[in-house]
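I opened this model to look up its ligand site. My entries follow the structure.

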Amino acid sequence: MSKLSQKHLLGIKDITAQDIHLIFETADNFKDVINRPIKKVPSLRDITIANVFFENSTRTRLSFELAEKRLSADVVNFAASTSSVKKGETLLDTVNNILAMKVDMVVMRHASVGAPHFLARHINANIINAGDGTHEHPTQALLDAYSIREKLGDVTGKKVAIIGDILHSRVALSNIFALQKLGAKVMVCGPPTLLPRYIANTGVQVETDVNKALAWCDVANVLRIQLERQQIKYFPSLREYSIYYGITRKMLDALKKPIVLMHPGPINRGVELSSDAADSHHSIILDQVENGVAIRMAVLYLLAGSAQ
Ligand code: CP
């Protein structure tokens, strides 16, 4: 079995371009598997995986669970909202109690930056970061880059604009790391108040005019306004945001060039994307979701075979 260079998947920053290519090649095989009438393989038959979610999720939690079941792993699901966390139990106690039940791998989403890194220092299981606060969401970036490779044949040399609320987005940072490791050119675009000051230091181009970003790019990856993470007002109103930064089908059609439209979900329809754009032929949003299962199967399979 080929191996990743890391025992955990905490962030794209920690893995190599070679790791990413290995994940993609493994996902190609699993994508064939999940399109067969019998979608299951016995690869992780003796492995038990806990999905530990301290924040809400639809796509990530369900696609990890499906990926685990397609690989024949035993799966337990933990939602903080219905757990003893509500009685004051700590993160470390919670996870150690789950591990005492002989769990091998932990998939964790947490609102605090660095929570999976903390766990990785204190417990013995493989940890997969399913999103830590505003920091990283590595499997989202992998499935995004994989979807670009699938649609355009390659990621190298492609121009990708990440448009929207960059400041509060874990998807943005993981995408920047993944795309740069794969040789893409990356631009971020949004209102100045939603562009973090450090972002230019990552080597990306920075743009505040959405029409210029669309004219420049081959791929527009549009991010949601994360109101739940905003303690202060970063723009006057959602209506004003939509007027200046909302992307419509008319804007995409007017480009007179092919453009690939992506969004990690959940979409705020009518805010960052109009429905006619989200549902247009430019969009590969549901392909991203489909690819999420194959990518997560690949990550789980490869980590299970990585150095302990
Ligand atoms: N893209 C993403 O992380 O979606 P969920 O929050 O629904 O998992």
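I find the ligand in the largest pocket. A pocket here is an open set of points on a 1 Å grid over the protein atoms alone, with protein on both sides within 12 Å along at least five of seven lines. To sit in it, a molecule needs more than half of its atoms within 2 Å of its grid points.

The model is predicted: local features need pLDDT of at least 70, side-chain atom pairs count only at pLDDT 80 or more, and totals for chains, interfaces and linings use all residues. Residues are numbered from 1 along each chain as its sequence is written, and side-chain values use heavy atoms, without hydrogens and water.

I then checked polar contacts (N or O pairs within 3.5 Å). The Ser-57 side chain places an N or O atom 2.6 Å from a ligand oxygen. For Thr-58, a backbone N or O atom is 2.8 Å from an oxygen of the ligand. Gly-265 has a polar backbone atom 3.3 Å from a ligand nitrogen. The protein covers 91% of the 250 Å² of accessible area that the ligand has on its own (Shrake-Rupley, 1.4 Å probe).

Notes: A polar contact is a pair of N or O atoms within 3.5 Å; within protein, one must be able to donate a hydrogen and the other to accept it, and residues adjacent in sequence count only if both atoms are side-chain atoms. On a 1 Å grid over the protein atoms alone, a cavity is a set of points where a 1.4 Å probe fits but cannot get out, and a pocket is an open set with protein on both sides within 12 Å along at least five of seven lines; lining residues have an atom within 4 Å of a point.
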